Amino acid sequence: MADVDRLRRLLAALGAEDPEGWAESEVQENLPQLARYRLLRALSRDIEAWDAATVDSLRDGMKWAEGARLADPVAEATRIARAVARETVFSVLYRLADPNSDDLPAELRQQMPGWVLMETTPVGGPTHRVLDALFEDLDTTDSPAAAPSDRIVAEGWMRETSLRTFCESLAAEAGYDFDDSDWLAIGTALPHTDDEQPRSVWYAYPLVGRTRVDLRVARSVGGSEVSVSVRGMVDSRTRIRVELLVDVMARYAVAPG
């Protein structure tokens, strides 16, 4: 049986208003209250990320994708609501797949329970087969009309020698572990791109961590510069940091350390 004092301490560290009540419920009723609170806390953070700047970026992305703002306010609101719902579902599926995607310090995370989403038989018995990484296949169920639109976070250019450092820094903002295999994919595709072509045919590479951003890159033919476009649903803090990152890379030549 779980120790009440230990549970109370961990729940308090998560910010629970009544850590003692949650802890006693877990011990007395044998309910996974610490895991439940941890998941609900992470989902609440995702809800709070929907601020005015995020919604504005969604509108801008729809305008960019369609060439013009929708004339019908109801149609525009419907598209926005559908996009918000999709991003919310994506976030829930991601949290279910990776309990450690939250913002807890490593020393606290090591003491926390996790969870899995498991298949059951028709009568409710567990098959012990985990429904893992559902977020990766969410787009495969979208109809063309329901497919997510692009949301522009930042765009700009930089010297090609700075691109890997930019990719690593952008991945860190998304909570993604960028490694040599990621760079190999981007570096191999880059010579076959042309930034004078529409952005829709630039090389696209997803970075999926705490949040998802999609990086599109294209080389300047005959030059040493690379154009970049970053899209995704991010909060204001992340948007500002990515915009600053693009600006710094345009001003300075930055080589990998």
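View 1. The structure shown here is a predicted model, and R38 has its place in helix α3. The side chain of R38 is joined to that of N100 by a polar contact of 2.9 Å, while a polar atom of the R38 side chain also lies 3.0 Å from the backbone oxygen of P113. Leaving aside residues up to four places away in sequence, R38 touches L14, P99, N100, D102, L104, R109, M112, P113, G114 and W115.

**View 2. Helix α3 and what covers its buried residues.** The end C-alpha atoms of α3 are 22 Å apart, which agrees with the 22 Å that its 16 residues should span at 1.5 Å a residue. Buried residues of this helix include Q33, L34, A35, Y37 and L39, and also R41, A42 and D46. Among the elements that cover the buried residues of α3 are α1, α2, α5 (73-97) and α6.

View 3. In α1, which runs over residues 4-14, the buried residues are L7, L10, L11 and L14. These residues lie on the same side of α1, because they cover an arc of only 100° around the axis. Their cover includes α2 (19-29), α3 (33-48) and α6 (106-109). At the start of α1, a side-chain oxygen of D3 reaches to within 3.3 Å of the backbone nitrogen of D5, and after the helix comes G15, which has a positive phi, near 95°.

Note on methods: Residues numbered from 1 in each chain as written. Predicted model: local features only at pLDDT ≥ 70, side-chain atom pairs only at ≥ 80, totals over all residues. Heavy atoms only, no water. Buried < 20%, exposed > 50% of the residue type's maximum accessible area, 1.4 Å probe, protein only. Helix = DSSP H or I, 4+ residues; strand = E, 2+ residues; numbered from the N terminus. Arc of directions from axis to C-beta. Contact = heavy atoms within 4.5 Å. Polar contact = N/O pair within 3.5 Å; in protein donor to acceptor, adjacent residues only side chain to side chain. Expected span 1.5 Å × (residues − 1).
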